[in-house]
Amino acid sequence: MDHSRLPQRRTLLIGLAAVGLVPLAGCMTKPMRPANADGTYCFATGKSYSRKLTCTTAPIPSEQVETAAKRFEAAPDRLTVYVVRKRWGDARNAVRLTPDMGAAIVTVPESLVRLRLKPGSHTLAADWDEGRASIDIGGAAGEVVFVELVGSVWSWGSSYRLERGDPTESRARAAPLRLVADVG
């Protein structure tokens, strides 16, 4: 037996195994649900026999808009704000986001919102059945800001807070999420 070829065979087998397992890595993430026939989107929790849905009230943006939004590019004349909602303890409530006391945007768990605002200072509020939270944000034209909507849902109640997100971490958290609103 030629022992000089064993390291080559081992390397070849490890390489083939790695190449064979890479396509399976995509199976480990939960697939996104498609939009409903009316254009709204629902986040589902639970097993098929006890599934609970949390749904948007308005149609979500198209896949093309979602793809463009997930490039996380700045608008030259606007402040771009991404609101990221993805935390392990947040799986149930519809939370209404209101920028500057304007029209409410309904978010669901594991979702993303892109706001294109005038440069300057703004207040972003989050309302849910049990409470309200807000954050003051600001920025210049051409700037991108990330805000995390952090929630905890328990059998006795829920709480949410808004906080500035780290751009690198927020981008990574936002990439697999469904864009549920694109404003501005």
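Contact here means heavy atoms within 4.5 Å, and axes are lines fitted to C-alpha atoms, for helices over the stretch in contact, with angles running from 0 to 180 degrees between N-to-C directions. This is a predicted model, in which local features need pLDDT of at least 70 and side-chain atom pairs count only at pLDDT 80 or more, while totals for chains, interfaces and linings use all residues. Residues are numbered from 1 along each chain as its sequence is written, and side-chain values use heavy atoms, with hydrogens and water left out.

**Sheet and helix**

- Five strands form an open sheet with mixed pairing in the order S10-S9-S3-S6-S11, where strands (E, at least two residues) and helices (H or I, at least four) are DSSP runs numbered from the N terminus, and two strands pair if DSSP finds at least two bridges between them.
- Strand S10 (157-164) and strand S11 (178-183) are the edge strands, each pairing on one side only.
- Strands S3 (residues 79-85) and S6 (residues 111-117) run antiparallel and are joined by 7 bridges; Thr80 has Arg116 as its bridge partner in S6.
- Helix H3 (residues 167-174) lies across S3, S6 and strand S9 (144-154), running at about 60° to S9.

**Aromatic pairs**

- The structure holds 6 aromatic pairs, counted for rings of Phe, Tyr and Trp (its six-membered ring) whose centres lie within 6.5 Å, with planes under 30 degrees apart termed stacked, over 60 edge-to-face and the rest tilted.
- Tyr82 and Phe146 form a stacked pair, 5.4 Å centre to centre with 20° between the planes, and this pair links strand S3 to strand S9 across 64 residues.
- Both Tyr82 and Phe146 are buried, that is, under 20% relative accessible area, against over 50% for exposed and partly exposed in between (1.4 Å probe, protein chains only).
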